[in-house]
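Student: I am new to this structure. Please show me how to read its features, one by one.

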Amino acid sequence: MTDADPRVVAVVRDLFFVARIRETARLTGVPVEFARTPADVATALAVRPRFVLVDLTAGFDYAALFDAVALAGRPPVLGFTTHAMAGQTQPWHARCERVVTKETLTQELPTLLREGVAA
């Protein structure tokens with residue numbers, strides 16, 4: 001993915017995770033752009049990011065979100081969910097390269113930001 005921008009786009013509303021992602025990105029030196037609205041997502045995807053981090057529990061319009069990702073050349077998507085909501089978020093898992101729990105995301109975030117999402 002050499003043509004990808006070094007940024008990661010994070011589609012996250014939870015302020016706890018926004019703060020955690022922002023601080024981990026600062027510590028790893030990886031730029032992260034947060035997108036919370038469909039317009040934000042479209043703008044952030046205009047320059048192809050390394051990957052897109054999506055909170056599958058936040059109640060976004062996921063059909064529109066994944067359509068925007070497809071239109072942007074399909075950068076890899078890392079979705080995250082909770083054990084309790086895994087069944088509800090299941091329809092979107094196939095549109096992600098990888099889906100992890102919030103706990104796993106917290107543990108692996110530095111590595112993921114540095115190395116990306118294996119397709």
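Tutor: Start with a term: a salt bridge is a side-chain nitrogen of Lys or Arg within 4 Å of a carboxyl oxygen of Asp or Glu. The model is predicted, so local features need pLDDT of at least 70, side-chain atom pairs count only at pLDDT 80 or more, and totals for chains, interfaces and linings use all residues. Residues are numbered from 1 along each chain as its sequence is written, and side-chain values use heavy atoms, with hydrogens and water left out.

Student: How many salt bridges does a search of the whole structure find?

Tutor: The search finds six. One of them joins the side chains of Glu-33 and Arg-7, at 2.1 Å from N to O.

Student: Which parts of the chain does this pair link?

Tutor: Distant ones: Glu-33 is in strand β2 (residues 32–34), while Arg-7 is in the segment before β1 (8–11), 26 residues away. Helices (H or I, at least four residues) and strands (E, at least two) are DSSP runs, numbered from the N terminus.

Student: Is Arg-7 buried or exposed?

Tutor: Learn the scale before the case. Buried means under 20% relative accessible area, exposed means over 50%, and partly exposed lies in between (1.4 Å probe, protein chains only). Arg-7 has 14%, so Arg-7 is buried.

Student: Where do Arg-26 and Glu-23 lie?

Tutor: Both are in helix α1 (residues 15–28), three residues apart, about one turn of the helix. Arg-26 is exposed because its relative accessibility is 56%. Glu-23, at 36%, is partly exposed.

Student: What do the side chains of Arg-98 and Glu-108 meet in?

Tutor: They meet in a salt bridge, 2.7 Å from N to O. This pair links distant parts of the chain: Arg-98 belongs to strand β5 (residues 98–101) and Glu-108 to helix α5 (residues 102–115), ten residues apart. Arg-98 has 29% relative accessibility, so it counts as partly exposed. Glu-108 is also partly exposed, at 27%.

Student: Now the rings. What describes a pair of aromatic rings?

Tutor: Two values do: the distance of the centres and the angle of the planes. Rings of Phe, Tyr and Trp (its six-membered ring) pair if their centres lie within 6.5 Å; planes under 30 degrees apart count as stacked, over 60 as edge-to-face and the rest as tilted.

Student: How many aromatic pairs does the search find?

Tutor: Five in the whole structure. Among them, Phe-60 and Tyr-62 are edge-to-face, with 6.0 Å centre to centre and 85 degrees between the planes. Phe-60 and Tyr-62 are both buried. Phe-66 and Trp-92 are stacked, because their planes are at 15 degrees, with ring centres 5.7 Å apart. Phe-66 lies in helix α3 and Trp-92 in helix α4 (residues 86–93), so this pair ties together parts 26 residues apart in sequence. Phe-66 is buried at 3%. Trp-92 is partly exposed at 22%.

Student: Which residues do ring pairs link into a cluster?

Tutor: Phe-60, Tyr-62, Phe-66 and Trp-92.

Student: Which residue lies over the face of Phe-60?

Tutor: A charge sits over a ring if NZ of Lys or CZ of Arg is within 6 Å of the ring centre and within 35 degrees of the ring normal. Here Arg-13 lies over Phe-60, 4.1 Å from the ring centre.

Student: What phi does Arg-74 have?

Tutor: Most residues other than glycine have a negative phi. Arg-74 is not a glycine, yet its phi is positive, about 60 degrees. Arg-74 sits in the loop between α3 (62–71) and β4 (77–81). Its relative accessibility is 37%, so Arg-74 counts as partly exposed.
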